[in-house]
Amino acid sequence: GSDMEVTNLQVCGACSAPQDMTLGHANGEGDFYQLSKSSLLLKNNLFEKSVTLHSPVMAGPGPFSISFFVNFNSIPENGVGRHGGIYFGFKDIKDTRWVGHKSIQAGAQSTAIDWIDRDRDHGI
């Protein structure tokens, strides 16, 4: 696996001034993440793990714009390569990205943006 870091996360819209990142829920075993006011580092993400942030928040009727940087610290030579992403707009603080993988017709609760290097499903 590869460490994945999310920085410069900004949510703009109906909310007020930029907000610091704060933890909502961690879904995974062990000490797999580091969170500061402005960055989230997921360490050596070999297995499905997620961190849900309590803030910044998307509040009000919208529309919203979301911007962020995602950095991977290496490209693992494991057939998968870099793999990770973000999901937003979830309804429950304990939701995982799999809720976002459903189609709108199947009742998606959130939106997921995911990156993978693997040849058969390369890209976003």
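The second largest pocket holds about 150 Å³ of space, where a pocket is an open set of points on a 1 Å grid over the protein atoms alone, reached by a 1.4 Å probe, with protein on both sides within 12 Å along at least five of seven lines, and the volume is the space filled by probe spheres set on the points, which are joined across faces, edges and corners. Lining residues have an atom within 4 Å of a point; there are 11 of them here, and F68, V70, F72, G84 and W115 are the closest to the centre. The elements that give two or more residues to this lining are β6 (65-72), β7 (83-88) and β8 (111-116), the strands being DSSP runs (E, at least two residues) numbered from the N terminus.

This is a predicted model, in which local features need pLDDT of at least 70 and side-chain atom pairs count only at pLDDT 80 or more, while totals for chains, interfaces and linings use all residues. Residues are numbered from 1 along each chain as its sequence is written, and side-chain values use heavy atoms, with hydrogens and water left out.

Three salt bridges are counted, each a side-chain nitrogen of Lys or Arg within 4 Å of a carboxyl oxygen of Asp or Glu. In one of them D117 meets R82 at 2.8 Å, N to O; D117 lies in the segment after β8 and R82 in the loop between β6 and β7, so the pair ties together parts that are 35 residues apart in sequence. D117 is buried at 13% relative accessibility (buried means under 20%, exposed over 50%, partly exposed in between, with a 1.4 Å probe and protein chains only), whereas R82 is partly exposed at 24%.

How values were computed
Helices (H or I, at least four residues) and strands (E, at least two) are DSSP runs, numbered from the N terminus.
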